[in-house]
Amino acid sequence: MEILHGFASQLLLGTVTTLRLAAAALALGTLLGAGGCWLQLSGHRPLRAAGYAYAAVVRGVPDLLIVFAVFFGGSLTLATLTGRYVEVDTFLAGVVALALSFGAYAAEIARGALASVPKEQREAARTLGLSTGQALWTVVLPQAARVALAPYGNQSIVLLKQTSIVSIVGCDELMRKAAEASGATREPFTMYLAAACIYLVLTGLMTTCLEWAERRAMPLAAR
């Protein structure tokens, strides 16, 4: 692709890193979201307060500040523990920062989805002789998962776009590669337009997959 002046392969490498970054952050963030939801629904007040505090703090702070806090805070912590300067891996810092942000929203999505399941459903399950755990796994969670699917998918698309902010600490994802190509060719419009097209393709594919999953879930919800 001559229009990219030989930087197509670099943009491709950046795209792969972006996908790896998003996938790892999504997996870790989902676990954090599940943990945050469990804390918020806990019967113990300190745990419940911790769950709400996590969601409130992370959702109230710009994602860029979370990236800085993880990257520089991690380096400071490691330096204190080892007695020498240790720079945190930029990819790892990006994964943790994005996962923290995603987890806070995922916790709220999960809590709202669980709350949407009528109490009568749980009571009916107990009437049928199911234990609390069986009712949770066979009655409550399947319905909550269908409710949470759309907002969870939308937040995943947001996460994919948020990977761009990790370029600020030097992670070689798509935006970082586009910026390097822009500086080398002195054609920022071309390089950033190429990056925008790649993001559009990725988010379009994710949107298509999400719509397919929602269509698959609709017949199940009607049963």
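Let's start with a charge and a ring: R20 lies over the face of F91, 4.5 Å from the ring centre. A charge sits over a ring here if NZ of Lys or CZ of Arg is within 6 Å of the ring centre and within 35 degrees of the ring normal.

Before going on, keep in mind that this is a predicted model, where local features need pLDDT of at least 70, side-chain atom pairs count only at pLDDT 80 or more, and totals for chains, interfaces and linings use all residues. Residues are numbered from 1 along each chain as its sequence is written, and side-chain values use heavy atoms, with hydrogens and water left out.

The protein chain averages 88, and 92% of the residues score at least 70. Helices are DSSP runs (H or I, at least four residues), as strands are (E, at least two), numbered from the N terminus. Where pLDDT is low, the predicted coordinates should not be read in detail.

Now for rings that meet other rings. Rings of Phe, Tyr and Trp (its six-membered ring) pair if their centres lie within 6.5 Å; planes under 30 degrees apart count as stacked, over 60 as edge-to-face and the rest as tilted. By this rule there are 3 aromatic pairs. One of them joins F68 and F72, a tilted pair with 5.7 Å from centre to centre and 40° between the planes. These two are 4 residues apart in helix α3 (residues 63–82), so about one helical turn separates them. F68, at 27% relative accessibility, is partly exposed, and F72 is partly exposed too, at 49%. (Buried means under 20% relative accessible area, exposed over 50%, and partly exposed in between, using a 1.4 Å probe and protein chains only.)

Another pair, F102 with Y152, is edge-to-face: 5.6 Å centre to centre, with 80° between the planes. F102 belongs to helix α4 (residues 90–116) and Y152 to helix α6 (residues 132–162), so this pair ties together parts that are 50 residues apart in sequence. F102 is buried, with a relative accessible area of 2%, while Y152 is partly exposed at 27%. Back in the Phe group, F68, F71 and F72 form one aromatic cluster.

Next, the largest pocket, which has a volume of about 440 Å³. A pocket is found on a 1 Å grid over the protein atoms alone, as an open set of points where a 1.4 Å probe fits, with protein on both sides within 12 Å along at least five of seven lines; lining residues have an atom within 4 Å of a point. Grid points are joined across faces, edges and corners, and the volume is the space filled by probe spheres set on the points. What lines the largest pocket? There are 18 residues, of which A34, C37, A110, L114 and L141 lie nearest its centre. Helices α1 (8–40), α4 and α6 each supply at least two lining residues, and α6 gives the most, with 6. The lining divides into 15 nonpolar residues, 3 polar and no charged. Here Ala, Val, Leu, Ile, Met, Phe, Trp, Tyr, Cys and Pro count as nonpolar, Asp, Glu, Lys and Arg as charged, and the others, Gly among them, as polar.

How values were computed:
pLDDT = per-residue confidence, 0-100.
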